[in-house]
Amino acid sequence: MTITTALLGVALGACLLASPAAAACPGGEMKMADGSCFGNPALATSMRERAVLMNQLKIGYNLPIAPRKDHRYPRNFDVSRFEYSQRGNFSTIPFPPSP
Amino acid sequence: MNLTFAAAAACACACGVSASFAADLQPMPVKAAVQSIDQLWNISYNSEVRYFSWQNTRGFTTDVAPLNGRGGGTQIYAPMSLSLTGNPDPNWKLEFVARGGFVSSNQSTSGQRGYVGTAVDTQLSGTATYNGFNGFQPYVAMLINAPTGKSALYGNSRFARMDGDLVDQGTYGEGWNFGPTVGASIPLTKELLFTLSGGYTSRGAFNKEGLDVVTGLVTATDRIRNGDEASVTAALGFGRGPFSAQASGSYAMGRVSQSNEFGQFNYNRYQVGPRTTISGNASYAFNEMWSVSANGFWTHSERNQVLDITQLFLIPELFNSNSNLYRIDTGLSYRFGNGVTAGPIAGYLYRDRNGFDPVTFGFVPAKTRWSAGGVVNYNVTNKININAKLERVWLRENENPGPPPFTPLVPFLSGDAWVLAGGATVNF
């Protein structure tokens, strides 16, 4: 929880303490260093989603994304198959076998 | 088939239908208010129903007696998501996603007959992005896994867990997980974007079925706590005209996983080795009709920490039992004049390791998975899209060497599966 609190604190502090710059871009998208608008809002949105999910591949055995995007990112089962053979969310108890 | 899944399918359909009807039946004053909100918020609902039918030469898991006879199973999985995106302030962008679903799984292999029908865990995601700075865009996100699924499968229902390379849902529940992430996007040019981010996944404890040592039945309850994970990710994205590509590299470090054993509540079981993941995707539109896309990833993990011979201390395993994993999925699509888009898809997955770990008595076979099929999309209106997919999967897993003298405990295994899926996306 300490790490969690620290991460959130750094992010919120950076956002709240800094002063706003020039006028906002249409649709609330990002601005270049010279204040002009970034030319590809869809790419920015997709990159942000990728960055968040690639840091949270073990948040669950599904990711919080629309089902149509399911094959776009690795899954929990993909990233650590070792856990599959251990006691835990993935493991099975093979013995005793069912009758 | 069962009440749980029937209710799930009805809910999935009813949600989509009622939502679209509601939009049409709003009285005028309310409609005006909704339109005003629409300028700030976009809502999207996506749901699919997927059917999997597989068979192989062994069943799953592969080392359960009797060690002969073919295995097979089916799964019906209905995931659904609701996304909300808005700009309540010109400098702020907020994105929320809620995802859940229902699954019905059945394995009917000799010696491994099991069934489960349940809701899956629910995932929640919230991301806040600040756009007020010139030259960089910070964001903070919180992801949550809510344990609405079924993590403990007592008795024979535990055999309803199946190979995640053949079906979508290989397991059905874990605990409360919380995953904060912070990061920033930095536009290098108007076409090239760099992001740097870090996250931490706190994985909560949950119940799991266990073996009752007195009765010999799987009726006991274990308490499992999987190791937390911290990670950093760097990514590059590029988009110019008909071409778009993204690539990312992540490094993750896990903490110790624990369970209740030997009278201890927090008994250290193992620690997964640090993991490197490279992933990306690319797409190109040749013209208004033809386009091609691909996405893939590679993961590599360092050696795990496992229990030593005294079962008291964690030590590095003698050799790395983690597979390197390679996966790529590709698709070619053609857009017809009537709004239908269709084309072939193909995929390849390879797990490279094949060996016996004498410390954990774990078996790590190499594995290859091929898939081929086709997809169809149709824009019913500019706010409703429906899609369907039919896919054939072929799988081959190398033999599992047994303990010394290393006779094959499980011979090589081959399997195949059909995947049929249909779904819809409704934007409000």
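Modeller: Chain B, to which the strands in your request belong, has a secondary structure of two helices and 27 strands. Of its 428 residues, 39% count as buried, and among the contacts in chain B with a separation of 6 or more, 61% are between residues 24 or more positions apart.

I begin with strand 12 of chain B, residues 243–254, which has one covered face and one uncovered face. The covered face consists of B:S244, B:Q246, B:S248, B:S250, B:A252 and B:G254, while B:F243, B:A245, B:A247, B:G249, B:Y251 and B:M253 make up the uncovered one. As background, side chains in a regular strand alternate between the two faces of the sheet.

Strand 12 of chain B is joined to strand 11 (residues 229–240) of chain B by twelve bridges, and the two run antiparallel; in this pairing B:E229 stands opposite B:G254. The hairpin of strand 11 and strand 12 of chain B has two residues between the strands, and there B:G241 takes a positive phi near 55°. Strand 12 of chain B is also joined to strand 15 (residues 275–285) of chain B, through ten bridges and again in an antiparallel arrangement, with B:A245 standing opposite B:A282.

An open sheet of chain B comes next. Six strands form this sheet in the order 9-10-13-14-17-18, with antiparallel pairing. Strand 9 (206–210) and strand 18 of chain B stand at the edges, and each has a single partner strand, so one side of each is left without a neighbour in the sheet. From one strand to the next the twist averages 40°. At the edge formed by strand 9 of chain B, five bridges join that strand to strand 10 (residues 220–225) of chain B, the two running antiparallel, and B:G210 stands opposite B:A220.

Most residues other than glycine have a negative phi. B:Q311 counts as exposed because it has 10 C-beta neighbours inside 10 Å.

B:S83 is buried because 20 other C-beta atoms lie within 10 Å. Leaving aside neighbours within four places in sequence, B:S83 is in contact with A:A66, B:S44 and B:V97. B:S83 and B:N427 are 344 residues apart in sequence, yet 9.3 Å apart in space from C-alpha to C-alpha.

The contact between the chains takes 111 residues from chain B and 71 residues from chain A. On the side of chain B that touches chain A, the residues divide into 32 nonpolar, 60 polar and 19 charged. The largest nonpolar core has 24 residues, of which A:A44, A:M47, A:A51, A:L53, A:L63 and B:A141 touch the most other members. Helix 2 (41–54) of chain A and strand 6 (137–146) of chain B are the elements that give two or more residues to this core, and the largest share, seven residues, comes from helix 2 of chain A. Not counting residues up to four places away in sequence, A:L63 touches A:L53, A:Y73 and B:Q123. Another core, of 23 residues, lies apart from the largest one and has B:W54, B:V116, B:A160 and B:V393 among its members.

Confidence has to be read separately for each chain. Chain B has a mean pLDDT of 84, with 82% of its residues reaching 70 or more; over residues 1–37 of chain B, however, the pLDDT is below 50, although this stretch has 31 contacts in the model beyond near neighbours in sequence. Chain A has a mean of 77, with 73% of its residues at 70 or more. Within chain A, confidence is lowest in helix 1 (residues 2–17), at a mean of 50, and highest in helix 2, at 94. Over residues 10–21 of chain A the pLDDT stays under 50, and the model has 16 contacts for them beyond four places in sequence. Where pLDDT is low, the predicted coordinates should not be read in detail.

Conventions. Residues are numbered from 1 along each chain as its sequence is written. Chains are lettered from A and ligands numbered from 1 in the order in which they are written. This is a predicted model: local features need pLDDT of at least 70, side-chain atom pairs count only at pLDDT 80 or more; totals for chains, interfaces and linings use all residues. A residue is buried if 20 or more other C-beta atoms lie within 10 Å of its own, exposed if 12 or fewer, and partly exposed in between; C-beta atoms are placed from the backbone. Two residues are in contact if their C-beta atoms, placed from the backbone, lie within 7 Å. Ala, Val, Leu, Ile, Met, Phe, Trp, Tyr, Cys and Pro count as nonpolar, Asp, Glu, Lys and Arg as charged, and the others, Gly among them, as polar. A nonpolar core is a set of buried Ala, Val, Leu, Ile, Met, Phe, Trp, Tyr and Cys residues joined through C-beta atoms within 7 Å. Helices (H or I, at least four residues) and strands (E, at least two) are DSSP runs, numbered from the N terminus. pLDDT is the predictor's confidence in each residue, from 0 to 100. Two strands pair if DSSP finds at least two bridges between them. Axes are lines fitted to C-alpha atoms, for helices over the stretch in contact, and angles run from 0 to 180 degrees between N-to-C directions.
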